[in-house]
Amino acid sequence: MISCVILVILLCSSVFSQDDEGPYKGKFIGKLNSYHHQVSGDVYAVDKYTLLLTSFNYDGNGADTFFWAGAANRPGPQGFIVPDSRGKTNVLDRYFNKDFTLVLPEKKKITDIKWFAIYDIWSQNTFGDIYIPEEFEPPVAQKVSQITGKTNSISTISIEILDAKQIKLIGFTYDGKAKDAYFWVGVGAQPVSKGFKVPDEYGYLDSLKAYKNKTIILEIPGDLTIFNIDWFSIFDHDTNTNLGSIIIPEALNVPPSLVKVTPQKDDLPNCMQLHKNFQVSWEIFGPAITIQLAGMVDENEYLAFGISGSKEQSQMIGADVAVAYINGYQGFVTDYNIIALTPCVKVLGQYKGVCKDSVLGGQENNQLNTAVRENGINIITYRRSLISSDESDKEFPLEGSIYIVWAIGKLDENNEPAFHDVYPKTNISVELNPKEPKKSCYAFTRSEREVGEPWSKGQIFDKTIRVFTSTIGPSGAKKGYQAITGHTSTALAWYINGLLAPEIWLRRGLTYVFKVNGGNDPHSPEYYHPLIITDDPHGGYDRLTDVAQSKVRVLAGVEYSRRGRPRPTASGRLCVSKHKSNHDRRLDDDFESFKKFNRSLEWSCETGDPGTLEFTPNSTWPDIVYYNSFTQANMGWKIRVIDSFNQRVSSSANFYTVNICVLCLSILLNYFFVIE
């Protein structure tokens with residue numbers, strides 16, 4: 001299986017080579033010696049454990065034939081089977097002009113063997129073989145000279161070239177004070193402004209943030225490799241200064257890259273790379289602009305692009321954006337206005353948040369041209385008038401530059417944009433109608449970034465707890481709410497007794513109280529979250545249509561007016577955890593545990609009293625219900641309703657009894673609320 005994965009990546013990759021003979025494949029060992037059954041092909045060393053066979057042929061007519069290797073002087077019975085291209089040790093089938101990798105078994109190295117063969121065990125005949133040269137050195141990561149800059153505290157402990165496309169900076173330090181500094185690569189004797197911007201370790205093309213003794217892995221962009229650049233630099237474009245650099249040694253014996261490179265052809269004259277995984281192209285013709293959004297995204301993700309809400313900076317609030325996605329075979333590019341950084345909600349009769357123009361009384365002015373998904377890339381082209389008849393739409397100017405915004409995020413269960421996961425932190429301006437077309441786009445690359453293990457799921461199973469304290473805080477990127485619930489997340493989630501969206505066990509017949517601190521100002525679209533309990537896993541009851549509401553069973557937290565309109569009963573002052581001013585929310589997944597993440601937050605509580613939600617689960621309650629926000633979807637999680645805490649619980653529940661620290665935290669929080 002490992003060899004299959006490596007093979008697919010190698011074959012699909014269009015990584016450019018160090019010479020004119022095609023993609024770099026590794027260190028060439030030689031051609032197979034052919035004796036019988038039409039065996040032929042070339043053999044390369046990918047790394048110290050892996051062989052790559054290219055243009056391999058074998059007629060499949062051997063009786064008991066295997067890939068075979070050993071340390072004897074020549075091929076014979078004293079050897080071992082090398083698993084085939086599927087990782088199996090079956091008798092070999094027919095191969096015709098195939099390329100694939102083979103991984104030596106049991107961590108054996110290429111330097112441990114003297115030969116590799118296609119060998120028939122029954123007849124003890126060698127159909128083809130190749131000998132490993134003495135003192136052969138397989139490709140491995142190579143250490144090169146470290147960076148020591150003259151300014152901005154730039155330094156590294158060491159630098160490794162991991163493969164043909166990846167550079168590892170070990171112990172990298174930079175003060176972040178240069179105005180317009182980037183990781184930068186190019187050709188020539190020394191770093192100059194003509195070169196290529198290297199995305200940071202998260203794929204962003206923002207000017208560099210500060211680093212302090214960090215180890216990061218950078219990927220050379222597009223179809224470039226280590227073999228067609230001469231230097232790597234931290235370069236400040238504001239002052240045209242090389243802040244620190246290294247020269248790349250020639251003919252490095254490194255492994256070929258496993259990064260898949262997918263060229264993206266755009267037919268529009270202007271193209272701008274916004275992120276490693278997102279690019280926008282455009283053309284102005286007459287009174288309209290044609291825009292193409294291309295992004296390497298998952299099937300349930302959207303691409304958002306538009307004009308900033310401010311003329312002085314890139315700003316989401318007030319922005320006019322198009323949200324583009326593909327659902328099955330159908331493409332969508334919907335016109336949105338961002339009034340607040342929250343999903344669209346109705347606040348005292350008015351819609352606020354990230355709302356469709358059609359919901360706000362405007363018009364849908366984006367005209368979809370084409371939408372296609374190829375090789376994991378969504379390519380969506382649409383057209384819009386430069387000056388729209390809709391007052392909520394912003395003008396695309398023919399002269400000068402404008403600030404833009406963009407984002408990548410997940411779609412929720414209603415195909416609405418949830419809170420974005422990927423977005424820029426710096427200002428981005430663009431000249432839409434330049435005198436000469438401008439293109440900064442390059443091929444897409446796919447390399448799976450290790451997110452790490454999800455945070456442990458918080459669970460409360462304690463028969464002594466009757467009072468729960470609920471506050472709100474950040475949902476915690478991919479390791480947090482999304483991993484706990486499997487739902488898309490908004491910016492905020494419920495924290496119950498200090499735990500992020502825990503699963504709670506309650507017993508029928510007992511009375512419980514939730515002290516609700518989710519905000520009591522209905523004018524606030526971001527911070528008004530009365531607590532409710534229903535049988536709907538998503539929540540956001542107030543957002544639902546009358547038909548959808550009729551399908552939800554409300555168990556606690558809602559009463560109805562004489563006209564039959566629902567209104568919440570459990571709203572209280574706002575107690576919220578927030579990121580510190582110097583923390584980047586996009587880096588939440590860097591925290592190894594929720595405990596460490598929670599310690600990084602700042603907690604505050606408004607004056608006033610918490611709301612109270614008192615209820616008693618009874619025999620009519622389902623075994624599983626959900627606590628959530630009345631106004632917003634996907635903020636809470638699951639309540640298991642049981643008849644006895646002594647009953648046997650399925651092992652698949654994977655619960656634990658809440659520890660004494662959580663109990664103490666609950667007591668302290670309740671005490672704090674009382675004395676305040």
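Analyst: The count comes to 3 disulfides, taking a disulfide as a pair of cysteine sulfur atoms within 2.5 Å. This is a predicted model: local features need pLDDT of at least 70, side-chain atom pairs count only at pLDDT 80 or more, and totals for chains, interfaces and linings use all residues. Residues are numbered from 1 along each chain as its sequence is written, and side-chain values use heavy atoms, with hydrogens and water left out.

User: What pattern do the disulfides of the chain follow?

Analyst: 1-4, 2-3, 5-6, with bonded cysteines counted along the chain.

User: What does Cys271 pair with?

Analyst: Cys441, with S to S at 1.9 Å. Cys271 lies in strand 19 and Cys441 in the loop between strands 32 and 33, so the pair ties together parts 170 residues apart in sequence. Strands here are DSSP runs (E, at least two residues), numbered from the N terminus.

User: Is the disulfide of Cys271 and Cys441 left-handed or right-handed?

Analyst: Left-handed, because the S-S torsion is about -95°.

User: And Cys344, what is it joined to?

Analyst: Cys355, S to S 2.0 Å. That disulfide is right-handed, since its torsion is about 95°. Cys344 is in the loop between strands 24 and 25, Cys355 in strand 27, so the parts tied are 11 residues apart in sequence.

User: Is Cys355 buried or exposed?

Analyst: Buried, at 1% relative accessibility. The cut-offs are under 20% relative accessible area for buried, over 50% for exposed and partly exposed in between (1.4 Å probe, protein chains only).

Technical notes: Helices (H or I, at least four residues) and strands (E, at least two) are DSSP runs, numbered from the N terminus.
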